[in-house]
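Student: Hi! Could you walk me through this structure?
Tutor: Happy to, let's take a look together.
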Amino acid sequence: MTEPTRIPPRDDRGTQSAPWRRPRVVLWTAAGAATLGFLVALEIVARGYGFSGPITEQSREVIFAPESGPLLYGGLALTMVVLTWRQRLIALGIAAGVDVAFFLVRWALDADMNFGNGALWVVLGVAVLGVTRRTGQERLLLLKGTGLGLLLVAGHKTGDTWLLITSKTRATVLDAYVAAADHALADPSWLVGRFLNATAPVSTGILHVVYGQLPLAAALVGLYQLRRVAVERRFPAHHLVRTFLVIGLFGPAIYMIFPVVGPVFAYGTDGGAWATANLWPDVLPPVTDPQPIPFDGITPRNCMPSLHTAWAVTLFIHSRDGSRAMRWAGTFWLVGTLTATLGFGYHYGADLLAGVVFALTIETAMRCSAHGWDRAGVRVVALGTAVFAAQLASYRWLPTEMAARPWLYGPLLLLVTGAVVYAYVRTARAARERERERKPGVPGQRPAPAEPAEPAKAVGTTGAAPTGTDDSQDPDATDAEPELV
C-alpha cells in the first residue's frame, strides 16, 4: 500500500505553517521600522522650525477636528479591503456613530466642526483586533490593512510637512533656470495658460476638479485592484497604492535639491511682490543669464519634478488592467492633469518631463521589488535614474544653451524621455506575459503557495476527492470566509 503524503502541521488558525513567509515578515518589519524612523526624524526637523510634524498632526486627529475627513475615510476604505462585507458594514456603522458623537459634543462646546475621527478610530481598532484576537497570517493581514490606511493619511501629512520645510529652508528658487530651459520646449505653460484663459470658465472648472480629485481617482483604482483581498486573504504582490506612497515619500526630497515655485508665482500675480514681473501667461520671460530668485518663506518649492504628473502617469498605468471604462478614465485623468498643471501655471514643461521619468523609474522599482529583479528591470531603473539626473543637471547648468538651440535640445529632451517610456512599456509587457503564464487570468497577483498533493484515491471509490480548486473544501481551513467582494 502506498504511504499517504504527509500534510505539514497547521497553526491554531488553520493555516499551514509556511517557512517561506518568514523573510517577508522580516521585510515588512524592517520597512515599518524605517518608515517610523523617517517620520520621527521629520517630526524633529519640523519642531525645529516651529511647527508640528506628521506624527503630531495625525495623533491629534484622534480627538480634535481633523483637517480632511474624506482623507480619513479613504484610509478606512483601504483598511476595509481585508474585511468581509459583514465586517465592513459594522466598521462603517461604528465610524459613523463615533463621528455623530463627536459632532454633538463639538456643537455643544462651539468647537471646530469636522468629521473623520470615527474612521481613524476604526482603523486603529482593526490593528488592536489583529494584535489581540488574531494570530499568524490573519494577524499579519489585518496589520497590513491598518498600515495601508494609516500610510495614506500619514503620506498626505508628510507631504505637507515637507512643503513647509522647503519654504523655510530654501530662501531662493531656480525658476529662472527652468523658464530658460523651457524655451527649448516652446514654453508650454504659457501656451496652455492662454488656451485656458480663452476657454474659461468651462475648461478651468472641469480641470480644477480633475486636478483636485486626483487622490480620489487613485483611491478608486486602488480599491479595484484590492477588491479580492478579503476572499483570497492576501494582498496582490503589486498595486497602485504602493507606488503612490513611494512617489510621495521621495519626490519632496528632490524639492530640496531643486527648489522651484512655478510660473504663476515666479512670473504671475500669485507671487505678489516676490514675482520678478507679471508676465505669465501673456508675455514670455526674456532669455537672460538666469540667477536664483529670492522668494517668500510661505510658498512651497514643489515643482521639480511634477508629482501630480508622476501620480497621474502611475494612475494611467494601473488603470490599464481594469475595465474599458476604467482605462478611459485613467486616460482622461492623465490628459486633464497634464493640462491643468501647465494651464494653471503650477509647472513648467520641463517639470512634466522629469515627472514622467520619475514615475516610470519608481513604478519599475516597485514592480521588481514585488515580483523579483531581473536584468530588464534593472536596466529600466538605471536608465530612468540616469535620464532624471541628466534632466536636472541640464536644467541647472545648460538652460541658456537650451534656450539658444531649441531645435536641438527640445527634441533631445523628448527623445530621452521617450526612451524611458519605451523601455518601461517593453519591460512591463514582458513581465505581464510571464505573470499570465504563471497564473492565467489574474495579472498582478502573487501566486499562492503550492499545496501538498492529496493521496491518490482509487477510481470508482465512494470517497473520491471532488474535483475543483475551492479551498473551502479543506475542513481545516477555518480562517477564510468565502464571501463575495
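Tutor: One term before we start: a residue is buried when its relative accessible area is under 20%, exposed when that area is over 50%, and partly exposed in between (1.4 Å probe, protein chains only). Also, this is a predicted model, where local features need pLDDT of at least 70, side-chain atom pairs count only at pLDDT 80 or more, and totals for chains, interfaces and linings use all residues. Residues are numbered from 1 along each chain as its sequence is written, and side-chain values use heavy atoms, with hydrogens and water left out.

Student: Okay, is C368 buried or exposed?
Tutor: C368 has a relative accessible area of 6%, so C368 is buried. C303 is buried too, at 0%.

Student: How much of the chain is buried?
Tutor: 45% of its 485 residues count as buried.

Student: Which residues have the most contacts inside the largest nonpolar core?
Tutor: They are F258, V260, Y267, M304, Y348, F358 and Y395, in a core of 55 residues. Several helices each supply at least two residues of this core, including helix 7 (175-182), helix 12 (240-257) and helix 19 (406-438). Helix 16 gives the most, with ten residues. By a nonpolar core I mean a set of buried Ala, Val, Leu, Ile, Met, Phe, Trp, Tyr and Cys residues joined through side-chain atoms within 4.5 Å.

Student: Which residues does M304 touch?
Tutor: Not counting residues up to four places away in sequence, M304 touches V178, I254, Y255, F258, V260, A350, D351, A354, L392 and Y395. Contact here means heavy atoms within 4.5 Å. There is also a second, separate core of 23 residues, which includes V126, V153, L226 and V229.

Student: How do helix 10 and helix 14 cross?
Tutor: The axes of helix 10 (residues 214-225) and helix 14 come within 10 Å and cross at roughly 30°. Axes are lines fitted to C-alpha atoms, for helices over the stretch in contact, and angles run from 0 to 180 degrees between N-to-C directions. The two helices are therefore roughly parallel to each other; angles under 35 degrees count as that, over 145 as roughly antiparallel, 65 to 115 as roughly perpendicular and the rest as oblique.

Student: Which residues of helix 10 make the contact?
Tutor: On helix 10 they are L214, A217, A218, V221 and Q225. Their partners on helix 14 are H308, W311, A312, L315, H318 and S319.

Student: Last one: where is D187?
Tutor: D187 is in the loop between helix 7 and helix 8 (188-199). D187 has a positive phi of about 50° although it is not a glycine, and D187 is buried, with a relative accessible area of 6%.

Methods. Helices (H or I, at least four residues) and strands (E, at least two) are DSSP runs, numbered from the N terminus.
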